[in-house]
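Me: I have a structure I would like to go through with you. Could you take my questions as they come?

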Amino acid sequence: IADASDDVSAPDPFAEPKRGVAKYYGFFPTPPDAARQLMEPVEQIIAYWRNQTPGRVIRALEPSAGTGNLSSALLAAGATTSCCEIQPHLAELLRQDPRYGKVWCQDFLSLDPAAIDPVDLVVMNPPFMRDLEIDHVMHAWKLLAEGGALVALTSPAWKTANTKAAVAFRDFVAIHNTEVEDIPKGTFKHTDIATVMLVLRKPAPPSGR
């Protein structure tokens, strides 16, 4: 993965996402405790939407789904769920579960927002390497419908890094977040690093549209 640039003159720091693949595809399955913590705001969001519109169909997506730990939780919460997974053997396992609406086997950053219907909810555990998680969150934002919500597990690096992407991402989070919660070091036994849960909301369309 290319090193992040220090050039702050570029007009859009999110315009050129890194296309390199993280070691082991950045694959660290979401631990049960972290999955439960991510699902707390998700379940609150779903309950609110269902209260506002009984019978509403909620379309959800898990990018970089891996073994589907978050996708399974989304299904249990009552959301119609699709997945994207770059590793063919894991994507095939997901496809064998008839409960999923769609499973894309490709790099999530190559999933064309114009080719799919926008989703109401994205829940994600993206790769943690050199701003790659920022690229994944910003790409997921493009797939989110107006009024939708994005819940992501990230490293805390973007909170203090001085790359142009991290600085711009902090500004973006300040505008769109409803929650930033630190998850203690050691939750991920594979890496023993601290993590952060982000809850981002996309503005709803004006009433009457």
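Reply: A note on areas comes first: accessible areas come from the Shrake-Rupley method with a 1.4 Å probe. On that basis the protein chain has an accessible surface of about 10400 Å², and carbon and sulfur atoms account for 52% of that surface. Please keep in mind that this is a predicted model.

Me: How much of the chain is buried?
Reply: Of the 209 residues in the protein chain, 47% are buried.

Me: And how many helices and strands are there?
Reply: The protein chain has 5 helices and 7 strands. Their order along the sequence is α-β-α-β-α-β-β-α-β-α-β-β.

Me: What share of the contacts comes from residues 24 or more positions apart?
Reply: Taking the contacts with a separation of 6 or more, 64% are between residues 24 or more positions apart.

Me: Let us turn to the core. Which residues have the most contacts inside the largest one?
Reply: They are Phe108, Met124, Leu150 and Phe169, in a nonpolar core of 27 residues. At least two residues of this core come from each of β4, α4, β5, α5 and β7. The largest share belongs to α4, with 6 residues. There is also a second, separate core of 22 residues, and Leu38, Leu74, Ala77 and Val199 are among them.

Me: Is α4 mostly covered or mostly open?
Reply: Mostly covered, with 11 of the 12 residues of α4 buried. The buried set is Leu132, Glu133, Ile134, Asp135, His136, Val137, Met138, His139, Ala140, Trp141 and Leu143.

Me: What do they pack against?
Reply: The buried residues of α4 pack against β1, β4, β5, α5 and β7. As for length, α4 reaches 17 Å from its first C-alpha to its last, close to the 16 Å expected at 1.5 Å a residue.

Me: What about the span of α5?
Reply: Helix α5 covers residues 164-176, and its 13 residues should span 18 Å at 1.5 Å a residue. The end C-alpha atoms of α5 are 18 Å apart, which agrees.

Me: Which residues of α5 are buried?
Reply: Ala165, Ala166, Ala168, Phe169, Phe172, Val173 and His176 are the buried residues of α5. Seen down the axis of α5, these fall within an arc of 160 degrees, so they line one face of the helix.

Me: What sits on the face turned away, and what covers the buried side?
Reply: The face of α5 turned away from its buried side carries Ala174 and Ile175, which are exposed. The cover over the buried residues of α5 includes α4 (132-143), β6 (177-183) and β7 (195-201).

Me: Changing topic to charges: how many salt bridges does the whole structure have?
Reply: A search of the whole structure gives 4 salt bridges. In general, side chains of opposite charge can pair when their charged atoms come close.

Me: Which residues are linked in a network of them?
Reply: Arg56, Arg59 and Asp120 are linked in a network of salt bridges. Aspartate 120 pairs with arginine 56, with the closest N and O atoms 3.4 Å apart. This pair links distant parts of the chain, 64 residues apart: aspartate 120 is in strand β4 (residues 119-124), and arginine 56 is in the loop between α1 (32-52) and β1 (59-62). Aspartate 120 also forms a salt bridge with arginine 59, at 2.9 Å from N to O. Here the partners are 61 residues apart, with arginine 59 in strand β1.

Me: Why does aspartate 120 count as buried?
Reply: Aspartate 120 counts as buried because its relative accessibility is 6%, and the cut-off for buried is under 20%. Arginine 56, at 24%, counts as partly exposed. Arginine 59 is also partly exposed, with a relative accessible area of 33%.

Me: What does lysine 159 pair with?
Reply: Lysine 159 forms a salt bridge with aspartate 182, with the closest N and O atoms 3.0 Å apart. Lysine 159 lies in the loop between β5 (144-154) and α5 and aspartate 182 lies in strand β6, so the pair ties together parts that are 23 residues apart in sequence. Lysine 159 is partly exposed, at 33% relative accessible area.

Me: One last item, the backbone: what is the phi of serine 64?
Reply: Serine 64 has a positive phi of about 45 degrees, although it is not a glycine. Serine 64 lies in the loop between β1 and α2 (69-76), and is partly exposed with a relative accessible area of 23%.

Terms used. Residues are numbered from 1 along each chain as its sequence is written. This is a predicted model: local features need pLDDT of at least 70, side-chain atom pairs count only at pLDDT 80 or more; totals for chains, interfaces and linings use all residues. Side-chain values use heavy atoms; hydrogens and water are left out. Helices (H or I, at least four residues) and strands (E, at least two) are DSSP runs, numbered from the N terminus. The expected span of a helix is 1.5 Å times one less than its number of residues. Buried means under 20% relative accessible area, exposed over 50%, partly exposed in between (1.4 Å probe, protein chains only). The arc is that of the directions from the helix axis to the C-beta atoms. Contact means heavy atoms within 4.5 Å. A salt bridge is a side-chain nitrogen of Lys or Arg within 4 Å of a carboxyl oxygen of Asp or Glu. A nonpolar core is a set of buried Ala, Val, Leu, Ile, Met, Phe, Trp, Tyr and Cys residues joined through side-chain atoms within 4.5 Å.
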